[in-house]
Every structure is written in C-alpha cells, then in structure tokens.
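I opened this model to look up a handful of local features. My entries follow in the order I made them.

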Amino acid sequence: SSPHLVQVRERIRINGQPISKELFSKYFWLVYNRLEETKDPVHASMPAYFRFLTIMAFHVFLQEKVDLAVVEVGIGGAYDCTNIIRAPVVCGVSSLGIDHTSILGDTMEKIAWQKGGIFKPGVPAFTVAQPERPLEVLRDRAQERECLLYLCPELDAFEGGRRVLELGLAGTHQRSNAALALQLARTWLQRRSCRGKAGGQGWGGSDPTVAPGVSAEHPFPPGLGELKEVPPGTELAGRPVPLAPAFQPTDAMIQGLRETEWLGRTQVLPRGPVTWYLDGAHTTSSVQACVRWFRQAALNQDKPHDGSEVRVLLFNATGDRDMAALLKLLVVRFWEGGRGVTVPGCLDQQNFNVTLENALTRCLENQRTWTQLLEEKGGQDPWLPTPLRAGGLLQPAPARGTLFLVPPAPRPLNSPALVFPCLAQALRWVAQGRDPRLAAPGATGAHPHPAASSGAVLLREAAAVRVLVTGSLHLVGGVLRLLDPALSQ
C-alpha cells in the first residue's frame, strides 16, 4: 500500500507487520542489482520510486511464499504499475472521490473509468454505493472486460438484526469499507477452498488444500453461501449492478473488523490536556467524512468545567488538490460555532517531490485562503462577540463558554492563520509544553506574528486543546513521527 506514514517498510507487510529492516535491505539490493545488470544500455534508467517498490513487493511475496497478497493500486488503476496481475482472485473498488485530476481526469466518470481498469475476465469484482453515473461507468467497464461486478450490500445486512458489528476504525464511512472487505475475504475463502479441492496451491505452493475451518465435505465456511453469476437480462430491481448476497460473517471476520488498526486514519492520541486527532483525508469526500468523525469524537470527550476549550487545525495539502475547496469544508462544517486558533500552513517535510520554496508557497496560499474564507463570512466574523477591541485576549463568553484569540491588527480577525517552517516547531507551539512527548517552544526562533505570542497564552491556559491534523497523509506521517518516536525504530 502507499504512501507510508513514517517508514518506507510500511508499504510491504507480511502478516500485518512491516517487513524487518534486514529483509527490506536484503530484497532491496537483490532487486536493485538485478535491474542494474539487465537494464537497457541505451535507456539506462531505473524504475521510478513507486514502480521499484512495486517490483520489490512482488519479489518479497514470492520469495517469502505468502498465501495471500492484498495489493493496493498507487493512482487510478488502468495504467497503474500494480495492474500487471493478470488473474487476481478478486478485485474491489471502494468509494470514489475526486483526486489526482491531472492524471485521472476531472470528473467522477473519468476516474471511475480508470478504476475499472483493474477488472479482469472471469474475475469477480465488488464495489460499494457510488453516484449513479460513475457506477454505470464501472458497470460498462466490467462488461467490456468480461468481469462479474457486484454491489456490496450495506453493513447492516451482514448484522441481520443481531448485535452490531464492532469496527476498530472510527467513522461512519468505514462501514462501507468493512462491507467491501467482508465480500473480498469471502470470495477469497471460496476460491481457495475450490482450488484446494482441485489440488491447487497458493503463492508459495505450501498452503493447505483446504482453508482453515473448512472441511472437504463442506467446502465453504458456515454462513458463506456461494456467489452465483447473474444471467444476462436478469431484472436488477433498478440497479445498474447486481447486489451481492449478504452472509453471516465468521468469528474470524468479526474479530478482524473489531481489531483493525490503521495509523493516521481517524486516530486519536490523548496526551493530558492536549488531544490529537489525526486523519489523512485529502479529498472533498474524505474531508467531509473526517469532519463528521471529528465532531463525534470531540463530543465524546469530557468537556472542561470552565468551558475553556480551544480547537486547532493543522493543515496542509500536496499535489494538484484544490486546497481552497478543502479549507472551505473545514470553515463551514468544522469551525462553525467552533473555537480558537488555526494553523493551516505547515511545511510538509515528508514529501521530497516538492522543493522547500514550493511547499512554502502553498502554505502561504493556504493562509490567504483561510483568511479570505473567514472574511467572506460577513466582514466581522459572526463568532466574535461585540463590542470588540483589537489586541489582547477575550474572556470566555458566558453564553457559549468560548475563548477567542484576537491578534493586534487594524481590525479583528478570529482564528488567525499561522505558517510554520517545520512540523516540529508547529507542534511545540500548539502543545506549549503540555504534551509530555514534545519539548516546550524555545524563546529563540519564536513565530514573529503577534497572534503567535497571544495565542500561546490561550493554549497554555485552556483546560482542553483539541488538535485536528488533516489534508495530507504526508503531513499526518510527519506528525506521527514526532508524537510517537517509537514508530521510527
């Protein structure tokens, strides 16, 4: 999978764990030297970063004789370098979003066409609820590639009136991901048991002929009915794609859903008065989901008795994404009735595809956009009580128990945007020495903006500081590296 958050070894996992440094080094040099020896002398270039790691991942899986490989595409699908697998067991397309528009196209239909490029003849494929037109594009792609495409039922259908399936990942949007994962796992179990009866072997040739918990007399685990092909002309009840049957998940499936962990996605790190909320959302649909999750997660936290709660947004975005659109969602949906300080511009130290100058330019654009969005809310920000005096700090508003930061300026501006030159400095400023993993900000190299010094007072005195980190997986990875140094070991 990609990208990695802290270490590149995260991209290649065996039994859920990143491969060791020793294995990574071993296979890296094996693949590198072999490519170096066999490359075209006329066009003497090595595969690019992602392509090299894809080749290396396949080599690792073959050499380590894994039973099952789950391969996530890098960008799109049709022309992605992972799409060299000729006969996968099953394919899945999760919820579509607008991303990588310079490569995939600027509409959901164009992106759906790219995603459908992973479909293979005779290989079942599943997708989740999509807008009507993109779903029709996926259907057409499946038909032209002679692929059997099914729509996953909602997760409620798998619960069947019994207890609610518990998910290890927070957020309502994860329910569709869980439904897709159940269908993919069920299909693999079915295909594996069929191959077993026919004497087939796994990747490494050493897997048993029958899946665990499956007998030769009963080829499918209890509750896992067979997925049947839909005959041409079948009435689809108004759906462009047939609905896959729900089934009773096995105990192992239920446990897997409950114990799933995914760093940097709807992740909460409580550190005393400072709570960090990390989510790598970077598209309009995923940011909307992130906002819904954050609101619910913040509501579940104990409220400070004196009402002095401050919210901080740490934001950055990379690539060709529409940063203004993402920030607008955060202004309208997240900060409405919200509190405190924002830090929407922080240099992305993890992405080496952009120069420092380009990264700083993007941060300054974020700063201007955030300021403009606040101004568009009607001149004086409606969150601010009146009358208002520029300079200093306002006391908690009795009606809402809210603290506001007002920088010295010709006119007041709530929630000012600050740009920091590096993640470490931004995190230290936000935490103000109240997170035991982060040092207090030093007197030297202090942020020059007047709002930074007055904001520091607010952050030090607030009973609760809630920090949402979003907009970029690279940003979230950099923050995780600093908040949990053990991830780098």
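Which residues is Gln174 in contact with, leaving aside its neighbours within four places in sequence? I looked this up in what is a predicted model. Gln174 is in contact with Leu167 and Leu169, once neighbours within four places are left aside. Gln174 itself lies in helix H7, residues 174-197. I checked its burial next. Gln174 has 6% relative accessibility, so I count Gln174 as buried.

**Overview**

I took the chain totals. The chain holds 14 helices and 11 strands. Of its 489 residues, 46% are buried.

**H1 against H2**

How far apart are the axes of helix H1 and helix H2? I read 10 Å, at a packing angle of about 115°. H1 covers residues 21-38 and H2 covers residues 49-63. The crossing of H1 past H2 is right-handed. I listed the residues that make the contact. From H1 they are Phe24, Tyr27, Phe28, Leu30, Val31, Tyr32 and Leu35. From H2 they are Phe52, Leu53, Ile55, Met56, His59, Val60 and Gln63. I sorted them by class. The contact of H1 with H2 has 12 nonpolar residues, two polar residues and no charged ones.

**Helix H8**

I went to H8, residues 251-259, to see which residues are buried. Met253, Ile254 and Leu257 are buried there. Viewed down the axis of H8, the buried residues fall within an arc of 100°, so they line one face of the helix. I noted the general rule beside this. An α-helix has 3.6 residues a turn, so residues three or four places apart point the same way. On the other side of H8, I found Asp251 and Ala252 exposed.

**Cysteines**

How many disulfides does the count come to? I got zero disulfides, counting sulfur pairs within 2.5 Å. I looked at Cys147 in particular. Cys147 is in no disulfide, and its nearest cysteine sulfur, that of Cys91, is 6.3 Å away. Cys147 has 8% relative accessibility, so Cys147 counts as buried. Cys81 is at 19% relative accessibility, and the cut-off for buried is under 20%.

**Strand E5 and Leu149**

I picked Leu149, which lies in strand E5. Is Leu149 buried or exposed? Leu149 has 7% relative accessibility, so Leu149 counts as buried. I then listed its contacts, leaving aside neighbours within four places in sequence. Leu149 is in contact with Phe119, Ala125, Phe126, Thr127, Leu138, Arg139, Ala142, Val241 and Pro242. I also took one spacing. Leu149 and Gly122 are 27 residues apart in sequence, and their C-alpha atoms are 10.0 Å apart.

**Strand E7 and Val274**

Val274 is found in strand E7, residues 274-278. Which residues does Val274 touch, not counting residues up to four places away in sequence? I found Leu269, Ala431, Arg434, Val465 and Val467. The C-alpha atoms of Val274 and Ala464 are separated by 6.1 Å. Along the chain, Val274 and Ala464 are 190 residues apart.

**Backbone exceptions**

I kept the backbone for last. Most residues other than glycine have a negative phi, and most peptide bonds are trans. I looked up departures from this.

Glu146 is one of them, with a positive phi of about 55° although it is not a glycine. Glu146 is found in the loop between helix H5 (132-144) and strand E5 (148-151). The relative accessible area of Glu146 is 59%, so I count Glu146 as exposed.

Gln432 has a positive phi near 55°, and Gln432 is not a glycine. Where is Gln432 placed? I located Gln432 in the loop between helix H12 (423-431) and helix H13 (450-461). Gln432 has 9% relative accessibility, so Gln432 counts as buried.

The peptide bond from Ser2 to Pro3 is cis. I read its omega as near -10°. Pro3 is found in the segment before strand E1 (13-14).

Terms used
Residues are numbered from 1 along each chain as its sequence is written. This is a predicted model: local features need pLDDT of at least 70, side-chain atom pairs count only at pLDDT 80 or more; totals for chains, interfaces and linings use all residues. Side-chain values use heavy atoms; hydrogens and water are left out. Buried means under 20% relative accessible area, exposed over 50%, partly exposed in between (1.4 Å probe, protein chains only). Helices (H or I, at least four residues) and strands (E, at least two) are DSSP runs, numbered from the N terminus. The arc is that of the directions from the helix axis to the C-beta atoms. Contact means heavy atoms within 4.5 Å. Axes are lines fitted to C-alpha atoms, for helices over the stretch in contact, and angles run from 0 to 180 degrees between N-to-C directions. A crossing is left-handed if the near helix is turned anticlockwise from the far one by less than a right angle, and right-handed if clockwise. Ala, Val, Leu, Ile, Met, Phe, Trp, Tyr, Cys and Pro count as nonpolar, Asp, Glu, Lys and Arg as charged, and the others, Gly among them, as polar.
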